[in-house]
Amino acid sequence: MRRLLPLLLLLLMPVLPASAEPPPDASRFFPYTLNTTRLPNGLTVVRVPFNSPGIVAYVTAVRVGSRNEVEPGRTGFAHFFEHMMFKGTKANPEGQRERILGGYGFDDNAFTTDDITVYQVYGPTAGLEKLIALEADRFQNLEYSEPAFQTEALAVLGEYHKNAAGPDLKLEESLAKTAFTRHTYQHTTLGFYEDIQAMPKAYAYSRSFFERWYTPANTTLFIVGDFNDAQVVSQVTQAYGGWTRQPTNVTIPTEPPQTKARSVHVDWPQPTQPRHVLAWHTPAARADTADAAIQSILAEYLVGDTSPAYKELVLEKQYVESLNVYNTPHRDPYLFPIDATLQDEQHRAAVDAVLRREVKAVAGAPVDGARLKAIQDHLRYGLLMDLETPRDVAIDLALYAGVMGRPDALASYLKMLGSVTPQQITLFARKYLEDTNLTVLTLTPKATAAGGTP
Amino acid sequence: MKTRATVSLVLAAALSLAGCAHKPHPEPPPQNPPGEPVPPEPGGVPAVPLKQPQPMQLVVQARPDTPIVSVRLVFHTGSIDDPKGKEGLTALTAKLMAEGGTQRLTAAQLLEALYPMAAELKVVTDKEMTTLSGRVHQDFLPAFLLLFTDTLIQPRFDPAEFERLRANALNAVRNGLRSEDDETLGKVGLDALLYAGHPYAHYTGGTVQGLQSLTLEDVKAHARRVFTQDRLVIGLAGPVDANIQQTVTTRLSALPATGAPRVELPTVKSSAGRTLILQKPTLSTAVSMGFVTPLRRGDPDFFPVAFALSNLGEHRQFIGVLFNELREQRGLNYGDYAYVEHFIEDRGNGTFNRTNLVRTQQDISLWLRPVVPANGVFATRGAVYFLERMSKEPLSPERFNLVRGFLQGYSRLWEQTDQRRLGYAIDSLYYGTPNFLDAYRDALTQMTPESVQAAVRRQLQSEKLAFVFVTEDAQGLAQKLKSGAPSPITYASPKPPELLKLDETIIQQKLPVRPDAIQVAPAAEFMER
């Protein structure tokens, strides 16, 4: 025991960097090298060496998401289209991709967000050459039949059903519909249920969706892991060289400023806990502003594990089970939503009062510098710790690049995280966390079944 | 989503698949007088004890090329150690130790201390194992080790934290399990059905009445009984030297050397043909089916059967037969999968199974993601058809080579993080299977379509299956199952003739369902006690 006493002392001291001359922050927290090439057709190819012997991650980010679904009745299409990208080409008809990639043991998957569609393939470097050929082929020459399209629409319906049992999907739908009146963020990535049911009829539209968004200039490749860089660049250049589709100009509607507070209530017909969500409109995440970093820090400052609100509402009074902020970076101005999961409906007013008090405090009084420093460490060490595998690195790079539009956006975000000042936090809170800019969402369980929350 | 959870204490309660059927009078476990051999029981699976590692056995996988240190403490204790009427005690004890503060620090102070490190500290309680995993940057290692070990050797057992965590555990049963995730409910239902009367039957996170009956004194006493040196394996990975190994071992020597005797697990009786339908408001029907098996890692049939079930389908992999036939060709749902061991997705690590779900009596399961209710019986028949097909005919050489290639590569992805590598190495101590994944890849080189088929015939008889459905029209489904009538299907789009021809067989596929053993229970009362 005695020899461990110094450890306790260390615990009480401010955190110091391990070495006397630390490397610059971004490289310390993102110790990977990006080799970036832009092909003549506009495709950006980023390679990152990673010590994962024999293993590579191949991630393609296309800047298309539910944000791009501008036509009425076509919500959910970016996500549906992600499914269709697995349906084959003339050279590699449906099933061929699975036979080739499956035979190597690749994990082959994809996901869609409000802003981007990410295709992620992860597995043995031995199969990389064939993988490049398959990927280049489908992004240029996707071809699927109408029956295959109609069948896949049912898989999407199944995905909706899988997600519909809990209240989160409904919460997200209600918040989006209330907070946005014009911008396409007013619908979720899965899309409206009725639009999903009508998807099988939209074959022709799906073809135009591909032409419109799947262009080289709208796409970035991230190849991370153990591979021969020169060989990969040459293979990619050759395989994707013939991809010449030009971007179409489609205007995404701008959301007008909100001028007075809004609210929406959901009665949930099954047992669940009451929810209380406060959501303000906030600026987009961009590589050239600190707004994304400020929102990440503000979320922690207001309701993170060491915040006064967390201590009071979760640990002491126990009115709340959990406090979260869904502040994923968005390409256009989005929301800063604080989501409280209540233990009981009767505490709603008290919880609301504490959260508003904390928001007022951050806008009205100086920000605690020591807490800001701890949050900056927390977020940056946390991000570094999340990058365990080549796939983790590739996906994080793709998420930030896809939203912010620059291949090195993750590094600029990390740099911003380290340089945000107390004054920036205060000014941001003052400007955006205003009552007129607020949407309040409440959810109450109205379960009739025995055993439910009253 | 919180930008980052400092202390992310993931109780098996949220995701795991323990549980017991809502049965007013669960069958008592069979009584065997000590010393007498257990008479063999048709279809029963006796408890063959696992191997016992040395007390505080160290598993070290040092590598200098990462700044992140991983600590993985695996205790041989789980929900089987919950006393009767106190279901949920082990999980709540583990959670309170990890999250409720130490003698030096309150829960809030502990959070404050861990916060700038962004250290991870997770707890997962399963049926027989409780895993505390920690990760931290080496910049903070000494302070972190002190905090992490303090949670075990000097837990605070704060009454307010006890109440808070119990309330959360109750929410997880009443809301999370019963209402918010039909797929997990189906899987927990399957545990309840397969292990009725066995210590595996109840939900790992506890039952409502079990949790309500707990006291802080119960937790304190339980911690001394089961979080003991003789039940602990210590895993360390990353930049760890002899000094760090010594520090951890010395600190944890403050745990009690021994505690409660091990629970003797009874033979699991066959549930062949049984059906449980959990009724709740829902748009769809979720389906789980499976059986308890004597097959464990180390059995000569384990690898070929694992191969066969990977052929049916690994989680979210396009090459699986079920995924291809039921989802891709027929559009029935979002995915369909099969597993040779109990499966709980290791979220955040791809779609792989977790490690350290070591179980004496394992289960084999098939899982169909929600289908529209009209297709519930058809989809179930489809799964059974494709399972049986592997007994009737060997895989074609082309298909066999595809699956073999898949597993040679895909299994490498299972071991790409320090925590997972430690997890496999620790599993191997209990199953007696050193270098488990290398052994699997070696075994793949020796298998043939015929050897896989032979193992399938020995181990994967569809008559052993029991079924769980989560749906709204429970009585309607029960009637369909009882009648055994064909379940025709219509499609919204044209299908190739060979698919329609195969459907004619699937529509009439015999389901091994016993009409006299179909039980309907309201989800709202599931895991009440």
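These legends go with a handful of close-up views of a predicted model. Local features are described at pLDDT of at least 70 and side-chain atom pairs count only at pLDDT 80 or more, while totals for chains, interfaces and linings use all residues. Residues are numbered from 1 along each chain as its sequence is written, and chains are lettered from A, with ligands numbered from 1, in the order in which they are written.

**View 1. Five strands of chain A form an open sheet.** The order across the sheet is β7-β11-β8-β10-β9, and the pairing is mixed. From one strand to the next, the twist averages 15°, with axes taken as lines fitted to C-alpha atoms and angles running from 0 to 180 degrees between N-to-C directions. Inside this sheet, β8 (residues 275-282) and β10 (residues 334-342) of chain A are antiparallel and share eight bridges. Look for A:V277, whose bridge partner in β10(A) is A:D339.

**View 2. Strand β5 of chain A is mostly covered.** This strand takes in residues 117-124, and eight of its eight residues are buried. (Buried means 20 or more other C-beta atoms within 10 Å of a residue's own, exposed means 12 or fewer, and partly exposed is in between; C-beta atoms are placed from the backbone.) Strand β3 (residues 55-62) of chain A runs antiparallel to β5(A), joined by eight bridges, and A:I55 has A:P124 as its bridge partner. Strand β4 (residues 107-112) of chain A also pairs antiparallel with β5(A), over six bridges. There, A:N109 stands opposite A:Q120.

**View 3. B:A118 has a positive phi without being a glycine.** Its phi is about 55°. B:A118 sits in the loop between α3 (107-114) and β3 (120-125) of chain B. Most residues other than glycine have a negative phi. B:A118 is buried, with 23 other C-beta atoms within 10 Å.

**View 4. B:R316 is another residue other than glycine with a positive phi.** The angle is near 65°. You'll find B:R316 in the loop between α10 (302-312) and α11 (321-329) of chain B. B:R316 is partly exposed, with 17 other C-beta atoms within 10 Å.

Conventions:
Two strands pair if DSSP finds at least two bridges between them. Helices (H or I, at least four residues) and strands (E, at least two) are DSSP runs, numbered from the N terminus.
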